[in-house]
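Subject: Structure handover

Hello,

Here is the structure you will be taking over. Please open it first, then read my notes below.

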Amino acid sequence: MEERRLLAAAAGFGGAEAARRRGGEWLRAEVARSGLRGRGGAAFPVWTKWEAALAQPGPRVVVVNGAEDEPGSLKDRYLLATRPDLVVDGALCTALALDADRVILYVNEEADGPAGAAVNDAMVAGLCTAVLPSIPSTASAHTSQITVEVVSAPAAYVFGEDSCAVEFIESGDRTAKPRKKPPFPAAAGVGGRPTAVSNAETLAHLALIARHGAEWFRQVGTPECPGTLLVTLPAECARPGVYEVPAGAPFAAVLQHCGGGPAGAPFRGAQVGGPAAGWLTADGFDTPLSPEAMAAKGTMLGCAAVRLLTEDRCAVDAVAEVEAFFAAESCGKCPLCRAETQFFARATGGLAAGKDVTEAHLDKALELADMARTNTDCALARFPAAPLRTGRERFPDDFAAHLAGDDCGRRHLGASMAISGWPPPWFTPGPGVSPERTTEGSP
């Protein structure tokens, strides 16, 4: 169970140094052999995204997506606060592999971490030129032609979407919206140039592949999803925090051995992949943490931001909380998405509050979701359906009680989800965060 590849890695920029020494073609081959998949939620193969960018004429752009816009996810902010050098190393590796001349660290504005200091260190090492007001423009005689800058991402859900990130980077407009696709950013992104947008954790893994090779990377994990992954366990656990575990580890083992089990009431359900994921019931907690295993259970691994339903909480209330979040975070650009998310929120919120909501209303919400999923500019319209569909299937007693107008006998928190601020209560790094520092609740 215990694997600390990212959080215990040697400091510095060994990956970029190896890539510069051995060449971009070598690194492209290693990444293809490694089977590295994105850790931002979609689990898309990194090599496939690279191929799309390489098919377009350069120079190219690399965007590090550290917006971390998923409620309950703290892994990227934790990584950028404790191991920013590893993320910058992976970004520079990507730039060298793709013949990119510009790297943009797109970081959640609430995460006041030392990313800029890591960029400065890379500049001193001659690996890049910094474009940061607080960092001198001078560098060593061997400075690369790669420029690196830090852009603060608004703390809102839509700004983590890759095309919206590109739009904001270009315009700085806090009302920016996702772009219609195609073209995707890999074909036409920042400044119309091919742009590889990768999650911060993904790039940290990539740095280690450049340092140690594809075979080393594949020594843990599953054949389809090699390596480790960072899991965020919430306050319902005795030891909440960010943990690094092998991909494919049983979810129940992670809850027990890392999270210490329940902090209070026992668990009866979980959304392993964040609020858009389908629900697992407790009898499915032995499911491995891999995209394939979670999909077989009707849910997804996502960014491994775990949300737990305790025995004393109403499932209808928990679903309504999710749907209210999506309605609030829909940017409003696409009419179908706006109508769908608002209908989901009204139907589930009304049901939780004891209003006159019927099975037909819930069925209509799911029909709207099917209409909206192929007629919108981003994926948000796909997200409300799975929590409601699996909630009805897996917690039928809660839904039956509310549909009958009865009291389900469980707690109604009526809480609103939000993109968690930084730092969380369990993160207390103190001055001078070092790569070796860990926190209570961390691995």
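S8 and S9 pair in the antiparallel sense over 2 bridges. Two strands count as paired if DSSP finds at least two bridges between them. Strands (E, at least two residues) and helices (H or I, at least four) are DSSP runs, numbered from the N terminus. In this pairing, Ala 270 stands opposite Leu 280 in S9.

Before going on, two notes on the source. This is a predicted model, where local features need pLDDT of at least 70, side-chain atom pairs count only at pLDDT 80 or more, and totals for chains, interfaces and linings use all residues. Residues are numbered from 1 along each chain as its sequence is written, and side-chain values use heavy atoms, with hydrogens and water left out.

Back to the sheet. Strand S8 (residues 267-271) also pairs with S10, again antiparallel, over 4 bridges. Here Gln 271 has Arg 307 in S10 as its bridge partner. The 3 strands form an open sheet in the order S9-S8-S10. S9 and S10 stand at the edges with a single partner strand each, so one side of each has no neighbour in the sheet.

In a regular strand the side chains alternate between the two faces of the sheet. Strand S10 (residues 307-310) is covered on both faces. Arg 307 and Leu 309 are buried on one side, Leu 308 and Thr 310 on the other. Buried means under 20% relative accessible area, exposed over 50%, and partly exposed in between (1.4 Å probe, protein chains only).

Next, Thr 287. This residue sits in the loop between strand S9 (280-281) and helix H11 (291-296). Thr 287 is buried, at 4% relative accessible area. A polar atom of its side chain lies 2.6 Å from the backbone oxygen of Gly 284. Beyond its neighbours within four places in sequence, Thr 287 is in contact (heavy atoms within 4.5 Å) with residues including Leu 280, Ala 293 and Met 294. Ala 249, Pro 250 and Phe 251 are also among them.

Last, the cysteines. How many disulfides does the structure hold? It holds 0, where a disulfide is a pair of cysteine sulfur atoms within 2.5 Å. Cys 337 is buried, at 7% relative accessibility. Cys 378 also counts as buried, at 19%.

Best wishes

How values were computed: A polar contact is a pair of N or O atoms within 3.5 Å; within protein, one must be able to donate a hydrogen and the other to accept it, and residues adjacent in sequence count only if both atoms are side-chain atoms.
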